[in-house]
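Hi there,

I'm passing a structure over to you, as promised. Have a look at it first, and then read on for my notes.

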Amino acid sequence: MKRGKAFVSTFLLALFTYLVLTLAAGQSMAQDAPWDHIIWSFEEIIIGISVSLIVAALTDHILCRKEDYRMLNPVRWLIILVYSVPLFIEMAKANIDVAYRVITGKIEPGIVKIEPDLKTDLGITILANSITLTPGTLTVEVDDEKSELYIHWIKMDDKPTERIAGSFVRWIRRFAE
Amino acid sequence: MTLPMLFIVILLLISLVFNGLGTIGLHRFPDVYTRLHAATKCTTFGTIFITFTVIAYSTRQYILTDEAKFLNMAIHTLIALAALLLTNPTGAHAIARAAHKMGIKPKKAVRDDLEEADLQKKKEVD
């Protein structure tokens with residue numbers, strides 16, 4: 001029963017992905033209903049469940065490698081969705097900054113070390129991806145043991161940890177730690 | 001031109017501006033790292049706006065014609081957007097890491113912490 005939780009969560013994730021991918025592709029059940037074509041056909045659901053069962057049986061030890069089920073909490077997923085808004089705002093600001101540097105050619109590049117002090121793999125991965133997604137900063141190397149990131153920065157400045165990752169770290173700590 | 005169409009055209013124009021700036025930056029910047037900034041980030045932002053354009057257009061068509069294929073297109077574009085946001089930084093990071101491992105130094109660099117860390121590690125091994 002130890003792997004039961006892992007099996008069920010992998011199954012639900014696979015089924016959810018299948019249903020999203022086939023959304024609105026199925027035949028409608030009742031032609032006159034206003035939202036009829038969102039409903040999946042009966043055959044589609046059966047195939048989805050059987051494929052998800054196979055996927056869950058084969059890969060549950062990969063998705064849930066550690067016995068750690070924090071991410072089953074739906075509040076954390078909600079926070080990830082909310083996090084995309086400040087991420088998008090940061091991206092827009094930084095994009096305009098890099099656009100300015102492309103036109104004027106004023107750059108002062110360098111590689112800095114930052115210590116975000118995050119403990120989980122998921123947190124570090126999301127932080128490194130967020131940093132790379134915002135222009136002007138690019139994750140070059142990750143030190144797994146000490147949780148340090150080496151970042152190529154297009155315009156060097158003081159206090160790199162706070163400037164590059166300050167708001168990201170505060171957000172990521174809410175759902176990944 | 002109707003108002004929703006104008007909105008779609010504005011979204012497409014923003015994406016064109018950022019994609020164009022990314023291309024110009026690719027030619028103007030001096031070395032591989034700074035070029036990665038221009039080539040991957042500006043074009044990501046531009047491409048995000050292209051996906052927004054597709055979503056807005058297909059939502060409009062869905063409301064006008066009530067055909068399921070447009071809703072399908074909007075949802076699949078949303079999935080493509082999620083895939084873009086996950087794979088693009090990973091690819092940029094892989095190129096930058098490979099470049100640094102091959103020993104390419106950042107040009108005009110003011111400071112290089114990674115270089116110092118590598119040297120320190122080498123000293124500890126010796």
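Predicted model: local features only at pLDDT ≥ 70, side-chain atom pairs only at ≥ 80, totals over all residues.

Let me start with chain A. Its secondary structure consists of five helices and three strands, and from the N terminus these follow one another as α-α-α-β-α-β-β-α. The chain has 177 residues, and 45% of them are buried. If you take the contacts in chain A with a separation of 6 or more, 69% are between residues 24 or more positions apart. The accessible surface of chain A is about 10000 Å², with 66% of that belonging to carbon and sulfur atoms.

Is A:Glu44 buried or exposed? Its relative accessible area is 18%, and because the cut-off for buried is under 20%, A:Glu44 counts as buried. Along the chain, A:Glu44 and A:Tyr18 are 26 residues apart, while 9.5 Å separates their C-alpha atoms.

Now for chain B. Of its 126 residues, 37% are buried. Contacts between residues at least 24 apart make up 63% of those in chain B that join residues at least 6 apart in sequence. Chain B exposes about 7400 Å², and carbon and sulfur atoms account for 69% of this area.

Helix H2 (residues 32–65) of chain B is worth a click too. With 34 residues, H2 of chain B reaches 48 Å from its first C-alpha to its last, close to the expected 50 Å. Just after this helix comes B:Asp66, with a positive phi of about 60°.

Finally, the meeting of the two chains. How do helix H4 (residues 121–133) of chain A and helix H3 (residues 68–101) of chain B cross? Their axes come within 9 Å, at an angle of roughly 80°, which means that H4(A) is roughly perpendicular to H3(B). On the H4(A) side, the residues in contact are A:Asn129, A:Thr132 and A:Leu133, and they meet B:Leu85, B:Leu86, B:Pro89, B:Thr90 and B:Ala92 in H3(B). Sorted by type, the residues of this contact are five nonpolar, three polar and no charged.

Methods:
Residues numbered from 1 in each chain as written. Chains lettered and ligands numbered in written order. Heavy atoms only, no water. Helix = DSSP H or I, 4+ residues; strand = E, 2+ residues; numbered from the N terminus. Expected span 1.5 Å × (residues − 1). Axes fitted to C-alpha atoms, helices over the stretch in contact; angles between N-to-C directions. Parallel < 35°, antiparallel > 145°, perpendicular 65-115°, else oblique. Contact = heavy atoms within 4.5 Å. Nonpolar A, V, L, I, M, F, W, Y, C, P; charged D, E, K, R; others polar. Buried < 20%, exposed > 50% of the residue type's maximum accessible area, 1.4 Å probe, protein only. Areas by Shrake-Rupley, 256 points an atom, 1.4 Å probe, with all protein chains shown as cover.
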